[in-house]
Amino acid sequence: MLLALLLPDPCDSKCPDSFKEAARKLLRNMRGAPLGWMRNLETDEGLRRVVLSFIADFANWDNSADDNYVGLARDLVKAAHPEQMPLVVDPFAGGGSIPLEALRLGCDAFASDLNPVACLILKVMLEDIPRHGPDLAGELRRAGAEIKAQAEQELADLYPKDPDGATPVAYLWTRTVRCEAPKCGTEIPLTRSLWLCRRPKRKVALQPNIVYGDGAAPRVEFEIFEPQADSEVAGGTVARARATCLCCGAVLPPERVRDQLVAQRGGADVIFDRHGKRKAGAMMTAVVTLRPGERGRHYRLPTAADYAAVAAAQARIAAILDEWKRGGRQGLCPVPDESTPAGGGSGAGRAFSVQRYGMLQWGDLFTARQKVALLELARHLSTPPHPRLAHLLGIGLNRTADGGASTSRWLASAEEVKNVFSRQALPIVWDFGESNLMAPSSRTWDSALESICKVISASTPPPTPGQSQIADAAKHPIPDQSSDVWFTDPPYYDAVPYADLSDFFLVWLRRSLPGHPLLRDPFDPSNPLSPKSAEAVQDETKRVNGRPKDRYWFEETMAKAFAEGRRVLSDDGIGAVVFAHKTTEGWEALLSGMIRGGWTITASWPIATEMGSRLRARDSAALATSVHLVCRPRAEDASVGEWADVLRELPERVGDWMQRLQGEGVRGADLVFACVGPALEIYSRHTAVETADGRVVALPAYLERVWEVVGREALAQILGTAEARARNGVAGALEEDARLTALFLWTMQSTSEGTDSSGDESEDDEDAAPRPGAHSLPFDVVRRFAQPLGIHLDEWESRIIETDKGVVRLIPVRDRGKQLFGNAGAGVLADGLETAAAYDPQLSLFPEPAPTVRGRTSRRGAAGEMDDLDASPNATTLDRIHAAMLLQGSGSTQALRALLQAEQERGPDFLRLANALSALYPRGSGEKRLLDAMLLAAR
């Protein structure tokens with residue numbers, strides 16, 4: 001994207017001839033250039049195609065570090081900017097991907113961020129590595145090995161080898177609480193899963209057993225076994241913070257689970273009695289080892305020696321703290337005592353729940369052994385033998401901590417400890433994996449440094465280093481009109497609490513790099529953590545000058561940042577803003593800030609930058625692309641637009657863009673949000689848009705029209721013109737539920753096929769929104785489409801949709817049996833679907849030629865039960881399609897044949913809608929299989 005921004009369009013009348021001439025020469029001389037390029041280069045249109053083809057090939061990961069591609073890209077940029085290489089500015093630089101690409105293309109780069117951890121990473125990526133080159137990797141390996149050798153000596157008693165010489169690489173733990181049922185008192189291990197290894201050709205799991213003792217409460221003991229079938233492995237004991245006793249079956253409610261863990265400060269540490277024997281707290285369930293000369297991991301039960309090492313770690317950390325206290329508490333507390341995020345609210349703060357379980361300080365997230373190991377590494381890092389490696393070693397410690405906390409999960413499918421931040425949140429994790437930080441395994445000191453060395457080795461040295469600085473994007477430090485490109489990936493509204501998350505790393509950096517000038521809050525010297533007040537994130541749990549950081553505060557702050565971007569950009573410069581947030585509120589807040597900041601949006605391009613396998617994308621409508629909004633500074637003398645003219649131009653512009661993007665394979669939510677850019681060009685080119693009577697049309701009102709136009713265009717493509725124009729009762733149009741379902745499934749379509757959903761699920765507490773099912777969308781997205789199209793969502797609640805905590809879910813077809821056939825029919829259908837019986841259960845249910853399909857249910861009663869189905873209105877076309885799918889799935893051939901014959905006599909709507917839905921259901925889904933089989937029977 002950056003390369004496309006830097007190069008002029010050869011078909012533009014203002015494109016310099018000198019660039020076209022130089023570009024043709026460079027592209028002809030490229031080693032390995034496709035033969036087709038030579039013919040295309042003769043015309044301006046052909047040159048444009050070749051340049052775009054080169055950019056696409058360069059974006060391929062396999063070519064990104066190829067010297068041939070990198071060199072040609074730099075030469076093209078130089079040809080476009082012969083006098084001086086352009087300056088690329090990113091005020092929300094984060095980890096530095098945008099300015100790093102600028103350096104790779106030979107540009108100058110200035111990156112800034114408000115966050116100290118981000119700024120340290122920027123320093124490494126833009127200054128240290130470019131300045132010192134790939135040789136840093138070898139130096140880092142040598143220094144890391146020296147530090148490890150010193151630390152291993154100090155930590156030998158905390159990570160002892162097994163008597164047979166095996167090396168423990170991970171210790172698996174579970175937090176525990178006590179059953180409070182009368183006459184029980186059994187300790188409940190809070191296990192999410194009992195799987196240890198769940199690979200295709202190898203399965204190992206834990207089997208819990210109840211042991212009864214004389215006069216004492218029963219206790220749970222585990223054994224390790226190799227199940228022959230998944231059904232042999234028991235389920236977990238905790239779900240949404242409700243713990244089930246393995247002995248008596250009583251359920252401990254969330255508030256009592258929280259209270260007990262609060263008393264244990266999170267419950268990650270063992271509580272020993274005075275004889276050194278475990279009596280409560282965290283329970284070790286298994287130890288993962290590597291045996292000399294043998295491949296693969298092995299599992300054994302914990303021993304007294306394993307617990308003795310933990311007790312030694314607790315004694316060690318107590319001595320370290322006691323020494324610090326006796327020394328007058330000089331400097332930072334050795335164990336991070338800074339406060340964890342309080343969490344809560346409806347904004348970014350909802351990502352945190354650890355304080356509710358007693359983890360009030362960052363040190364509470366780590367076991368005693370993890371604290372000792374990290375402190376030992378930090379002690380050696382604070383006086384490194386090579387000062388220029390200090391930043392790299394500090395980042396190495398951070399990566400080690402990311403896999404060395406009590407919120408790190410054990411991933412049975414990969415047999416490894418996962419990092420803490422597999423997503424941008426810090427929830428409670430009930431059972432966790434503790435890596436041996438000195439072992440040759442994942443999530444250790446060695447693996448952390450090796451990942452950094454790979455980055456260094458893969459880096460292409462730029463002509464000059466970049467510049468980075470800690471700065472507020474709303475008060476940018478560079479002068480007016482000094483930038484050629486203003487390119488940034490700004491905060492996503494309320495989606496990610498960047499500063500609070502970064503404190504996990506900041507507390508360890510401050511202990512490994514004491515006194516470092518970057519590792520502080522330059523705006524508030526009394527704040528020991530990262531800056532929060534000025535951070536552009538919507539989070540109502542925080543206040544600025546007494547004002548909550550709500551949506552309006554976020555919009556104002558972003559408007560200031562965009563105004564600064566407008567100030568520092570040259571008059572002929574170009575801007576680009578990346579956004580991958582999927583809520584309409586987030587988009588409106590961002591766009592409002594851009595327009596108020598003096599920008600005109602000229603285009604939007606969805607680019608596949610998001611991993612389909614990332615946790616955020618599984619089973620949801622998360623964007624598979626990042627939408628890049630291209631913008632220019634709005635002219636000072638821009639006119640006031642007329643509302644009627646804007647509305648007249650909008651449908652054609654959106655329709656053309658939808659067709660173009662669909663031709664490129666862009667679908668669903670990606671397509672929806674990518675249409676916002678061209679729609680906004682019509683609006684944002686004006687200083688304001690007014691109605692005929694002089695009323696200013698605000699951005700939210702315009703965006704309502706944009707969503708409506710997109711929805712109608714989608715319905716026209718899916719169902720036809722009648723449905724696109726339909727409101728209530730329009731002749732020739734399918735009913736509301738059909739339009740809602742079709743639009744819902746259309747929006748659910750993904751640009752990236754083959755989402756990998758393997759892996760274990762993450763942990764969260766009972767207040768988190770439930771993970772959406774396979775057909776789910778945010779309520780706001782559904783409302784934006786439904787309302788202007790005359791679809792009343794409340795009328796279809798509990799019939800075809802269910803709404804819970806801001807998520808709308810399409811009710812699975814198999815769950816509609818009771819609605820469509822009544823209690824008796826639904827029961828037989830369920831048996832048929834479940835057992836796939838050979839006989840036809842529906843023959844006795846439907847003696848008539850065609851079964852009776854019931855229609856809409858009334859609202860739920862006070863007790864949540866459905867009212868009498870016989871009193872409901874006639875079934876809709878969608879109801880009858882769902883009924884046919886259920887008959888197909890239960891093997892009710894005769895009843896299905898009768899229903900299909902009746903529908904063919906009724907008219908074409910049944911098959912028209914069924915074929916449309918078949919094209920919309922995801923490939924491989926159960927609904928699509930049922931629907932396609934039913935359609936086959938209809939032929």
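Let's start with Asn545. At 81% relative accessibility, Asn545 counts as exposed, because the cut-off for exposed is over 50%. This is a predicted model, by the way.

Where does Asn545 sit? It lies in the loop that links β21 (539-544) to β22 (547-549). Now look at its backbone. Phi of Asn545 is near 55 degrees, a positive value, and the residue is not glycine. For context, most residues other than glycine have a negative phi.

Next, Ser798. Here too phi is positive in a residue other than glycine, near 70 degrees. Ser798 is in a loop as well, between α24 (793-796) and β29 (801-804). Is Ser798 buried or exposed? Buried: its relative accessible area is 12%, and the cut-off for buried is under 20%.

On to the interior. In soluble globular proteins, nonpolar side chains tend to be buried together. The largest nonpolar core here has 159 residues. Which members touch the most others? They are Phe54, Leu680, Tyr702, Trp746 and Met934. Helix α20, residues 699-718, gives this core its largest share, 10 residues.

Take Leu680 from that group. Set aside its neighbours within four places in sequence. Leu680 is then in contact with Leu591, Ile595, Ile601, Arg685, Leu699, Tyr702 and Leu703. Tyr702 is also on the list of members that touch the most others.

Notes:
Residues numbered from 1 in each chain as written. Predicted model: local features only at pLDDT ≥ 70, side-chain atom pairs only at ≥ 80, totals over all residues. Heavy atoms only, no water. Helix = DSSP H or I, 4+ residues; strand = E, 2+ residues; numbered from the N terminus. Buried < 20%, exposed > 50% of the residue type's maximum accessible area, 1.4 Å probe, protein only. Core = buried A, V, L, I, M, F, W, Y, C linked by side-chain atoms within 4.5 Å. Contact = heavy atoms within 4.5 Å.
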